[in-house]
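Reader: I've got a model open and a few questions about it. Can we go through it piece by piece?

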Amino acid sequence: MCITEVKQNSNHNNNGDGVVKSNANCNNGTVHDAFISLDRGDPKMYYMYWKNVDDKCSVTIKASDLMSYFADHDEGGVFYQLPEFSKAVHRIHNVVGNAVTKGRYIIGGTGSSQLFTVTLAALASRINSCNQIKNKRRIPVVCAQPYYSCYEEALEEEKSEIYQWRGDANKFNEEGPYIEVVTTPNNPDGRLREAVVKKKGGVVICDLAYYWPQYTPITAPADYDVMLFTLSKATGHAGSRVGWAIVKDKEIALRMIKLMSLVTIGTCHEGQLRATTILDFVSDNYEQHLPNGKLVVEHQEGFFEFSHRVLAERWKRLRAVVNRCGIFKLPDYSPEICTFMNKSTPPNPAYAWMELKTGEDAEKVMNKLKIRTRAGPRFGVSSKYVRVSMMESDETFNQFLERLSTLQD
Ligand SMILES: Cc1ncc(COP(=O)(O)O)c(C=O)c1O
């Protein structure tokens, strides 16, 4: 058998692998010389769950449906937002207990990536409009390292005139307004986090992409001024490009909605409808089985138990291989009571944050094994670290462990 890498993705025809198996033409090499990619956070592991659901959770859109720019019945005044989408977001957070949504504005976006820059722009313009003209400046944006690589990359590329990437929050020591991004659990290292700067004039954006029970115990509903979530990591539907912000302050919310209107005249209604159907399917499953808001363990495996089980098994297998090889180190995580699962569970982060014990370049070691990873410097830290996605397809994850096992201390 040989495996040939094809252009990324096409879940509908290749089991969500991003690789196509072919017995016929081996010109592109054997399984051992094709690179496997674990450098992106592409949530392919969820394909197995949704494949079994398929027709039970589909969306039909007729030619005459969703034609207007407007869907302005949403109570929060988001002119482009389907009211059922906002309702589904409130509902899933109520079911899971991972965020306060009551009395908050729900603002949908094209993935949380779009909402991240829209939130920065809204916060920075508000800060500047509150200050004297002479004090106007590019508002520093910081995040404790290791930080999600795309924050820095997006901001450096954008070169905004009202905000500016300033790197590691631990090294930030200026007076005046600033924006701190708190990613919890953190990408890449899975740690729970809080703001570190804590100075007067600071505002926090909390990126909660991974605050779902499959990745970390849910200990309390998150309650920050601005919170970002994404369907990509909640249910694995990254291709729908749906994210949402939960915003406390009316003025910030209105600025965000205005920016969404100026940049893209809102977001795609088809995506919102798909997200609504998926989120409601997950909520239905638990609301039917949770008489007191608690998870009943006997019931048929639902979405979060499936994904929790897959990630927990993968972490167990990865730790066994890493311990046997003795070359890499993995972070340790303590179990906590998950209010959703109603039991004590250890975190199972979406990424393995692997440290090469010798302190040398970890990406080089992985490249020799034909494993594509994301190197530490992209997260603002040493090259002795690499980030490996734990959300790849079974096939890619198994190949990863096989290749890693060939390493000897
Ligand atoms: C911490 C974090 N925030 C945001 C995103 C972006 O998600 P989306 O697919 O909604 O743009 C990612 C994607 O990997 C992420 O890891």
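Reader: Lys 198 first. Is that residue buried or exposed?
Author: This is a predicted model. In it, Lys 198 has a relative accessible area of 63%, and it counts as exposed because that value is over 50%.

Reader: Where is Lys 198 in the fold?
Author: In the loop between β7 and β8.

Reader: Which other non-glycine residue has a positive phi?
Author: Ile 265, with phi near 50 degrees. Its place is in the loop between α6 (250–264) and α7 (269–287).

Reader: How accessible is Ile 265?
Author: Its relative accessibility is 41%. That makes Ile 265 partly exposed, because the value falls between the 20% and 50% limits.

Reader: Back to the β7 and β8 loop. What about Pro 188?
Author: Pro 188 is placed in the loop between β7 (178–183) and β8 (202–207).

Reader: Which residues does the cis bond with omega of about -5 degrees join?
Author: Gln 145 and Pro 146. Pro 146 is in the loop between β5 (139–143) and α4 (149–158).

Reader: Now the ligand. What does Asn 187 do there?
Author: A polar atom in the Asn 187 side chain lies 2.8 Å from a ligand oxygen. For Lys 233, a polar side-chain atom is 2.5 Å from an oxygen atom of the ligand. Tyr 148 has a side-chain N or O atom 3.4 Å from a ligand oxygen.

Reader: How much of the ligand does the protein bury?
Author: 92% of the 400 Å² that the ligand exposes when taken alone.

Reader: Which pocket does the ligand sit in?
Author: The largest pocket.

Reader: Which residues come nearest to the ligand?
Author: Ser 112, Ser 113, Tyr 210, Thr 230 and Lys 233, out of 14 residues around the ligand.

Reader: Which helix gives the most to the shell?
Author: α3, with three residues. Both α3 (111–130) and α5 (231–234) supply at least two residues each.

Note on methods
Residues numbered from 1 in each chain as written. Predicted model: local features only at pLDDT ≥ 70, side-chain atom pairs only at ≥ 80, totals over all residues. Heavy atoms only, no water. Near = heavy atom within 4 Å. Polar contact = N/O pair within 3.5 Å; in protein donor to acceptor, adjacent residues only side chain to side chain. Areas by Shrake-Rupley, 256 points an atom, 1.4 Å probe, with all protein chains shown as cover. 1 Å grid on protein atoms, 1.4 Å probe; cavity = no way out; pocket = protein on both sides within 12 Å on 5 of 7 lines; lining within 4 Å. Sits in = over half its atoms within 2 Å of the grid points. Helix = DSSP H or I, 4+ residues; strand = E, 2+ residues; numbered from the N terminus. Buried < 20%, exposed > 50% of the residue type's maximum accessible area, 1.4 Å probe, protein only.
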